[in-house]
Amino acid sequence: MRKNSLWILVLVVALAFGMGTAGAQEVSVGYQGFIGNGQNLLSGLSVRGWSDQIGYEATIFYGQLNVDFGAGADVDADAWILDAQLMYAAVEKENSKFYVGMDFGYGQYDVDPGGPSIDDSIWMVGPLLGAEFSFQGLPEIGFNWEVAYTFANVDTPSNIGMEIDLSGINVTAGVHYKF
């Protein structure tokens, strides 16, 4: 899992440099937090860019997911998710944007329920809407939030009655430094 995380970090950094040379008017790097269904909390490193009204973001999330084994037996799973977003700023003001877009994600989780370790993949997709703003006296610091309806496919072994619930309404919030 650490080897995959290293490759994903390299990919996010490469995207940051690629966004800066692709003619983007605005590129930022920062923190993005994910609050999902079932007490799922993930933290992430995010690279975000805007070119006119088109925005894009790549985030590598890492954290713990709640795994339900039924009969009240819940454990936490370590997880990472590489998330990509394509956004369209429907409303633009001097210090803010309101946008809609699509969210795509792939990740892996690892859980140890007391027996053999279980690790498998996570796929996510869904529409989102959000806002980004900065204070007039501090325009290089941007704050954002997004609400997405996520359709998730979490691969789990068929012989074990476990569930990781990521489908439904999920919220992210972040703070970014704009270059």
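## Briefing: strands, cores and cavities

Let's start with a side-chain pair: Gln 32 and Asn 144 make a polar contact through their side chains at 3.4 Å. A polar contact here is a pair of N or O atoms within 3.5 Å; within protein, one must be able to donate a hydrogen and the other to accept it, and residues adjacent in sequence count only if both atoms are side-chain atoms. The model is predicted, with pLDDT of at least 70 needed for local features and 80 or more for side-chain atom pairs, while totals for chains, interfaces and linings use all residues. Residues are numbered from 1 along each chain as its sequence is written, and side-chain values use heavy atoms, with hydrogens and water left out.

**Overall layout**

- Of the 179 residues in the protein, 41% are buried; buried means under 20% relative accessible area, exposed over 50%, and partly exposed in between (1.4 Å probe, protein chains only).
- Among contacts between residues at least 6 apart in sequence, 58% join residues at least 24 apart, where contact means heavy atoms within 4.5 Å.

- Gln 32 sits in strand β1 and counts as buried because its relative accessible area is 1%.
- Thr 150 belongs to strand β7, and its relative accessible area of 2% is why it counts as buried.
- The side chain of Thr 150 has a polar contact of 2.9 Å with the side chain of Asn 170.
- Setting aside neighbours within four places in sequence, Thr 150 also has Met 124, Val 125, Leu 166, Ser 167 and Gly 168 among its contacts.

**Loop residues to look at**

- Asp 155 lies in the loop between β7 (138-154) and β8 (168-178).
- With a relative accessible area of 26%, Asp 155 is partly exposed.
- The side chains of Asp 155 and Ser 121 are joined by a polar contact of 2.6 Å.
- Beyond residues up to four places away in sequence, Asp 155 touches Tyr 109, Asp 120 and Ser 121.
- Asp 155 and Trp 123 are 32 residues apart along the chain, and their C-alpha atoms are separated by 8.4 Å.
- Asp 52 is in the loop between β2 (40-51) and β3, and its phi is near 60°, a positive value in a residue other than glycine.
- For context, most residues other than glycine have a negative phi.

**Nonpolar cores**

- A nonpolar core is a set of buried Ala, Val, Leu, Ile, Met, Phe, Trp, Tyr and Cys residues joined through side-chain atoms within 4.5 Å.
- The largest such core has 17 residues, of which Leu 65, Tyr 109, Val 111, Ile 122, Met 162, Ile 164 and Leu 166 touch the most other members.
- At least two residues of this core come from each of β3 (54-68), β4 (74-92), β5 (96-111) and β6 (118-135).
- Another core, of six residues, lies apart from it and includes Trp 50, Met 87, Ala 89 and Ala 148.
- Not counting residues up to four places away in sequence, Ile 122 touches residues including Leu 65, Tyr 109, Asn 153, Val 154 and Leu 166.

**Cavities**

- The whole structure contains two cavities of 30 Å³ or more.
- A cavity is a set of points, on a 1 Å grid over the protein atoms alone, where a 1.4 Å probe fits but cannot get out; lining residues have an atom within 4 Å of a point.
- The largest cavity holds about 120 Å³ of space, volume being the space filled by probe spheres set on the points, which are joined across faces, edges and corners.
- Its lining has 16 residues, with Phe 34, Gln 85, Asp 103, Ala 148 and Thr 172 nearest the centre.
- β4, β6, β7 and β8 each give two or more residues to the lining of the largest cavity, and β7 gives the most, with four.
- The lining of the largest cavity divides into nine nonpolar, four polar and three charged residues.
- In these classes, Ala, Val, Leu, Ile, Met, Phe, Trp, Tyr, Cys and Pro are nonpolar, Asp, Glu, Lys and Arg are charged, and the others, Gly among them, are polar.
- The second largest cavity holds about 40 Å³ of space, and residues lining it include Glu 26, Arg 48, Glu 132, Asn 144 and Lys 178.
- β7 supplies the largest share of the lining of the second largest cavity, three residues.
- By class, the lining of the second largest cavity has one nonpolar, four polar and four charged residues.

Definitions and conventions. 1 Å grid on protein atoms, 1.4 Å probe; cavity = no way out; pocket = protein on both sides within 12 Å on 5 of 7 lines; lining within 4 Å.
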